[in-house]
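Welcome! Let us walk through this structure together, starting with its overall plan and ending at a single residue.

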Amino acid sequence: MSAVSTTTARGLSRAVWTLVIARAVNRIGAFTLPFLGVVLAVEFKASLGQVGLILAVFGAATIPSRLLGGQLADRLGRRRTIVLGLAGCAIAQLWIALSHSLWSAVLATILLGLVFEIYEPPSQAMIADVTEPDDRPAAYGLYSAALAAAGVLAGLLAAAISHVDLRWLFVADAITCLSCAALVALALPADVRRERPTDRPAAVWRDRRLLLLLAGGTVFATIYMQLVIGVPLTLLEQGLPKSGTGIILAVSAITLIVAQRVLRVQHLDDFEAIAIGYLLVAAGLVVSAVAHNLSVFLLASVLWSLGELFLLTRYLTQASGLAPDEARGRYLAVFGLSWGIATTIAPITVTQLLKAAGPAGLWLTTAGVAVVLAALQPWVRRRLRSVAA
């Protein structure tokens, strides 16, 4: 365990609490991604096909962003990398807000993708740096709970601002990114000089356990991103109010907060928790397939949010546990590529399934994939153990 910070009464370091608070500040304004497709369609008159292509390009841009974040986290330092990534996001979001043409918005969206994931590897690596392995599910759980708490306010703000002008969502997000960067720069401990990694970057890719987790995580992340992108477009397709997305985000966040205290997920085996999570997500997707009003979508959001509670922290715990200390940033960056790949795939699958099969086809297909992943968890457990042996 790193000596960069002392532990608190709850057993988690002050660095963890600082990261949690900073991320919560940023999360208050981080409601732009679910609205990005709607902004492109409403404000810049992009067609559904163009929206899917632009969001896919954004997703592709996040892949080198995540790898850069991992490299910088291990070489430049955790704190410096976090500040750099947040400042870049603020610049890109302000550019989107100030754009007056589709081409300008597209270029700003690409820039946003290129800096969007720089923050994640150093923040996740720092949590692992200052936390004992047995405490990591609790630390990542606290991280998720704080995001959910901030998400309540984020959803309500999104619902309110979306009645005025969707561009203001990006201004609000830029402000919170800069606020988060300032908090990190002032409150986190200085970067510790680490031994320069002696292995080449490609060495991380030779760990077959990591690649197996990456494959599973990519399918999960694609399901997650289909919800993020597909729900606002589904509401738009069905003629429901744009503010409904903000309300759904708030209900989802409240569910995560309440469930953190009610469900004793830390006592479950990782693979059991992941299987349960997929089944809950599948149930929420099935409800989404038959939803035609906001109330039913809210019920669906409760179910898939309970699933997220089981899934998000367990995947991070598994990935961080594989990494040696000097390569933790790069390991988490490679695992985090699942989100970049998903953000590239999901816009295309969402828009094409919506066009071909409508909302019911989109959500039932996605629910089927979630059920398959739940059924595969015993095989994943055996495979990871055999590779490690």
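This is a predicted model: local features need pLDDT of at least 70, side-chain atom pairs count only at pLDDT 80 or more; totals for chains, interfaces and linings use all residues.

Read along the sequence, the protein chain runs α-α-α-α-α-α-α-α-α-α-α-α-α. Residues are numbered from 1 along each chain as its sequence is written, and side-chain values use heavy atoms, with hydrogens and water left out.

Now for the chain as a whole. Of its 389 residues, 57% count as buried (under 20% relative accessible area, with exposed meaning over 50% and partly exposed in between; 1.4 Å probe, protein chains only). Among the contacts (heavy atoms within 4.5 Å) with a separation of 6 or more, 85% link residues 24 or more positions apart.

Let us look at two helix pairs. Helix H4 (residues 78-98) and helix H8 (residues 167-187) have axes that come within 8 Å and cross at roughly 165°. Here axes are lines fitted to C-alpha atoms, for helices over the stretch in contact, and angles run from 0 to 180 degrees between N-to-C directions. H4 and H8 are therefore roughly antiparallel to each other (angles over 145 degrees; under 35 is roughly parallel, 65 to 115 roughly perpendicular and the rest oblique). H4 passes H8 in a left-handed crossing, meaning that the near helix is turned anticlockwise from the far one by less than a right angle. Residues of H4 including Leu86, Cys89 and Ala90 meet a set in H8 that includes Ala174, Cys177 and Ala181. By class, this contact of H4 with H8 has 19 nonpolar, 1 polar and 3 charged residues (Ala, Val, Leu, Ile, Met, Phe, Trp, Tyr, Cys and Pro are nonpolar, Asp, Glu, Lys and Arg charged, and the others, Gly among them, polar).

Further along, helix H11 (residues 270-290) packs with helix H12 (residues 294-322) at an angle of about 155°, their axes 7 Å apart. H11 and H12 are therefore roughly antiparallel to each other, and their crossing is left-handed.

Finally, find Ile54 in helix H3 (residues 48-75). Ile54 is buried, with a relative accessible area of 11%. Leaving aside neighbours within four places in sequence, Ile54 is in contact with Leu40, Leu102, Val106 and Thr109. Ile54 and Thr344 are 290 residues apart in sequence, yet 9.4 Å apart in space, C-alpha to C-alpha.

Key
Helices (H or I, at least four residues) and strands (E, at least two) are DSSP runs, numbered from the N terminus.
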